[in-house]
Amino acid sequence: MEMAKTPTPAVRNVKSPPLPEAKVKELKQFIAALPDKEDQLINVLHKAQELFGYLPRKVQVLVAEEMGVPLAKVYGVVTFYTFFTMEPRGRHPISICQGTACFVKGGERVLSSVKDFLHVDVGEVTADGRFSINTVRCVGGCAMAPVMVVDDLVFGKVTPAQIPGILAQFEDE
């Protein structure tokens with residue numbers, strides 16, 4: 001009896017665009033200016049994420065080469081620390097607390113309202129690249145629950161009705 005073959009999905013050989021040369025140059029200059037590269041990987045990754053917005057494989061390869069460390073070490077640091085991301089973020093990242101106090105005080109409703117208002121889910125970026133949404137376990141503002149952070153601004157006692165007004169503050173020029 002001949003077994004039916006499962007169709008093999010088409011392999012996409014999609015090349016990602018090259019890294020912006022000005023940002024590559026700035027990162028290389030930053031690394032070159034370090035008095036000692038040892039124990040500076042996290043600082044360099046912070047600078048790289050600041051420049052590129054996230055840490056895709058090409059950026060990790062660049063960091064590994066410039067720092068003289070194995071790519072596996074760079075990848076290990078990027079995947080260990082939650083403040084590093086390998087996925088693009090919006091220009092205004094939104095973090096919505098889902099810790100116990102925030103959850104009990106309506107954090108889930110705030111999250112649902114943000115998702116509905118922006119038409120994206122957790123981990124996604126709006127089509128215009130303005131916002132991305134993630135959840136966090138705690139931001140340390142339990143007395144202000146539910147809490148939402150946009151960029152570095154903390155908003156407390158947030159209600160679903162406040163979402164449009166809060167996000168309107170982050171209109172791009």
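The questions below ask how some descriptions of this predicted model follow from its computed values.

Q: What is the pattern of helices and strands along the protein?
A: The protein has seven helices and four strands, and, read along the sequence, they follow the pattern α-α-α-α-β-α-α-β-β-β-α.

Q: Why are helix 1 and helix 2 called roughly antiparallel?
A: Helix 1 and helix 2 pack at an angle of about 160 degrees, with their axes 10 Å apart. Angles over 145 degrees count as roughly antiparallel, and therefore helix 1 and helix 2 are roughly antiparallel to each other. Helix 1 passes helix 2 in a right-handed crossing.

Q: Which residues make the contact of helix 1 with helix 2, and how do they divide into nonpolar, polar and charged?
A: On the side of helix 1 the contact is made by Lys23, Val24, Glu26, Leu27, Phe30 and Ile31, and on the side of helix 2 by Asn43, Val44, Lys47, Ala48, Leu51 and Phe52. These residues divide into eight nonpolar, one polar and three charged. Lys and Glu count as charged, and Lys23, Glu26 and Lys47 are among the residues of this contact.

Q: What makes up the contact of helix 3 with helix 4?
A: From helix 3, the residues Arg57, Gln60, Val61, Val63 and Ala64 meet Leu71, Val74, Tyr75 and Val78 in helix 4. By type, the residues of this contact divide into seven nonpolar, one polar and one charged.

Q: Which residues of helix 3 are buried, and what do they pack against?
A: A residue counts as buried when its relative accessible area is under 20%, and in helix 3 the buried residues are Val59, Gln60, Leu62, Val63, Ala64 and Met67. The buried residues of helix 3 pack against helix 1, helix 2 and helix 4. Just after helix 3 comes Gly68, which takes a positive phi of about 70 degrees.

Q: How do you know whether Glu38 is buried or exposed?
A: Glu38 lies in the loop between helix 1 and helix 2, and its relative accessible area is 57%. The limit for exposed is over 50%, so Glu38, at 57%, is exposed. Although Glu38 and Met67 are 29 residues apart along the chain, their C-alpha atoms are separated by 8.4 Å.

Q: Why is Tyr81 called partly exposed?
A: Tyr81 is found in the loop between helix 4 and strand 1, where its relative accessible area is 30%. Buried requires under 20% and exposed over 50%; because 30% falls between these limits, Tyr81 is partly exposed. The C-alpha atoms of Tyr81 and Ile42, which are 39 residues apart along the chain, are separated by 9.4 Å.

Q: What share of the protein counts as buried, and what share of its accessible surface belongs to carbon and sulfur atoms?
A: Of the 173 residues of the protein, 35% count as buried. The accessible surface comes to about 11300 Å², and 56% of that surface belongs to carbon and sulfur atoms.

Note on methods
Residues are numbered from 1 along each chain as its sequence is written. This is a predicted model: local features need pLDDT of at least 70, side-chain atom pairs count only at pLDDT 80 or more; totals for chains, interfaces and linings use all residues. Side-chain values use heavy atoms; hydrogens and water are left out. Helices (H or I, at least four residues) and strands (E, at least two) are DSSP runs, numbered from the N terminus. Buried means under 20% relative accessible area, exposed over 50%, partly exposed in between (1.4 Å probe, protein chains only). Accessible areas come from the Shrake-Rupley method with a 1.4 Å probe; for residues, only the protein chains shown count as cover. Contact means heavy atoms within 4.5 Å. Axes are lines fitted to C-alpha atoms, for helices over the stretch in contact, and angles run from 0 to 180 degrees between N-to-C directions. Angles under 35 degrees count as roughly parallel, over 145 as roughly antiparallel, 65 to 115 as roughly perpendicular and the rest as oblique. A crossing is left-handed if the near helix is turned anticlockwise from the far one by less than a right angle, and right-handed if clockwise.
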